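Please prepare a short briefing on the structure shown below.

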Amino acid sequence: MTRVLSGIQPTGDVHLGNFLGALRQWAIDQHTHDSFYTAVDLHAVTVQQDPLELRSKTLETMATLVAVGLDPEVCTLFVQSHVPCHTELSWLLECTVSFGELRRMTQFKDKSAKQSDSGQEHVSAGLFTYPALMAADILIYDADRVPVGDDQRQHLELTRDIAERFNSRYGETFVLPEAAIPKIAARVMDLQEPTNKMSKSSESPMGTVGIFEETSAIAKKFKRAITDSENQVRFDFEAKPGVTNLLSILGAATDRDPESLADEYHQYGPLKNDTAEAIITVLEPVQNRRAELLADPAELGRIIARGAEKASEVAVVTVQRAKDAMGFLSAG
Ligand code: AMP
Ligand code: TRP
């Protein structure tokens, strides 16, 4: 069976982009692939985190993963820092990737520019070397397939380059992974600024829909979504980013083709209402399930401990293989 691995940062609130672009795909894949999903807390600390908040967000993220339908009996669900050999492999890969390759990563360029614009002098070295850690997350499980949103495509390409270089230097060690980018909802855009992707760090709260927000607040955000003055429903991202985003969201929520949905609407009002309603129908059971889990910390604790154990069993073997290939002296 092919292996799948993906990760989500336990920061901010999970939004519709994460849900439609990533989490829903994970829940589908678990039934056809040997699947590993992780809350990447080690990635979160590339920017400074409040310790109490990191802890509670990590727990909430694990509850969220179960609530969206990931079954701990079917897939391996774990917290990244519970499997310490991710950081060990990351070092070996940092020594395989080049400074120039890391410097070309657009996410690093964007995030570091954003930090300096907001007056923060401190850009951590971890933010720069982060793609090596991400490559370690993937290669350590011999993953064939990595479902991610479009924004992670470049990191996946780099992961393949790193794996290829390692294999050609030291012999076949790693499986070359493929990115799996969803066709619909690969980029859910901000409802207020539909040319920007919906993001946890966005400065427009009305543009970002958290999946655990009150349903009335969600409905309001869709009602106020920015469209355009043409008053014609067409699927055309260049000319009509707002309307096209609504059609994509509606299509993703109802499993329908967004382009053909456009023919069913003549006005923006009903499109906004139906999109809100479809999303709320999908989210309500997820919201209820997460609340139940957070009310039962013992059960959540068992799920997390079991995941760490299952993930470690696989990860230690790969790290040892990589160390042997590179020529590290064994201890025993
Ligand atoms: P992050 O929020 O950066 O931890 O992302 C978690 C997952 O959600 C990754 O696979 C991202 O590619 C995906 N993702 C994040 N934002 C969006 C978005 N606006 N549209 C679609 N997918 C997204
Ligand atoms: N970098 C990803 C993001 O910001 C999260 C991530 C970390 C990840 N490690 C991963 C995704 C491994 C897929 C596979 O969204």
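Predicted model: local features only at pLDDT ≥ 70, side-chain atom pairs only at ≥ 80, totals over all residues.

A polar contact is a pair of N or O atoms within 3.5 Å; within protein, one atom must be able to donate a hydrogen and the other to accept it, and residues adjacent in sequence count only if both atoms are side-chain atoms. Residues are numbered from 1 along each chain as its sequence is written, chains are lettered from A and ligands numbered from 1 in the order in which they are written, and side-chain values use heavy atoms, with hydrogens and water left out.

**Ligand 1**

- A residue is near a molecule or strand if one of its heavy atoms lies within 4 Å of it. Ligand 1 is surrounded by 18 residues, and the closest are Asn18, Gly149, Asp151, Val188 and Met198.
- For the classes used here, Ala, Val, Leu, Ile, Met, Phe, Trp, Tyr, Cys and Pro count as nonpolar, Asp, Glu, Lys and Arg as charged, and the others, Gly among them, as polar. The shell around ligand 1 holds seven nonpolar, seven polar and four charged residues.
- Helices (H or I, at least four residues) and strands (E, at least two) are DSSP runs, numbered from the N terminus. Helix 1 (residues 16–29) gives the largest share of the shell around ligand 1, namely four residues.
- A polar backbone atom of Gly17 is 3.2 Å from a nitrogen atom of ligand 1. A nitrogen atom of ligand 1 also has a backbone N or O atom of Val188 at 2.8 Å.
- Ligand 1 exposes 480 Å² when taken alone, and the protein buries 92% of that. Accessible areas come from the Shrake-Rupley method with a 1.4 Å probe; for residues, only the protein chains shown count as cover.

**Ligand 2**

- Around ligand 2 there are 13 residues, the closest being Gln9, Tyr130, Met134, Asp137 and Gln152.
- By class, this shell around ligand 2 comprises seven nonpolar, five polar and one charged residues.
- On its own, ligand 2 has 360 Å² of accessible area, of which the protein covers 91%.
- Strand 1 (3–8) and helix 7 (125–139) are the elements that give two or more residues to the shell around ligand 2. Helix 7 supplies the largest share, four residues.

**Overall fold**

- The protein chain contains 13 helices and five strands.
- The radius of gyration is taken over C-alpha atoms, and the globule rule is 2.2 Å times the number of residues to the power 0.38. A compact globule of 332 residues would have a value near 20 Å, and the 21 Å of the protein chain agrees with this.
- Along the principal axes, the C-alpha atoms of the protein chain fill a box of roughly 70 × 45 × 40 Å.
- Buried means under 20% relative accessible area, exposed over 50%, and partly exposed in between (1.4 Å probe, protein chains only). Of the 332 residues in the protein chain, 49% are buried.
- Contact means heavy atoms within 4.5 Å. Among contacts in the protein chain with a separation of 6 or more, 75% join residues 24 or more positions apart.
- The protein chain exposes about 15,700 Å², and carbon and sulfur atoms supply 50% of it.

**Individual residues**

- Gln152 lies in the loop between strand 4 (145–147) and helix 8 (153–170). Gln152 counts as buried because its relative accessibility is 11%. Apart from its neighbours within four places in sequence, Gln152 is in contact with Gln107, Tyr130 and Met134.
- Asp142 is located in the loop between helix 7 and strand 4. Although Asp142 is not a glycine, its phi is positive, at about 50 degrees. With a relative accessible area of 18%, Asp142 is buried.
- Asp255 occupies the loop between helix 10 (241–254) and helix 11 (258–261). Asp255 is a residue other than glycine with a positive phi, near 60 degrees. Its relative accessible area is 69%, so Asp255 is exposed.
- Trp91 belongs to helix 4 (residues 85–94), and at 53% relative accessibility Trp91 counts as exposed. The C-alpha atoms of Trp91 and Leu133 are separated by 8.0 Å, with the two residues 42 apart along the chain.
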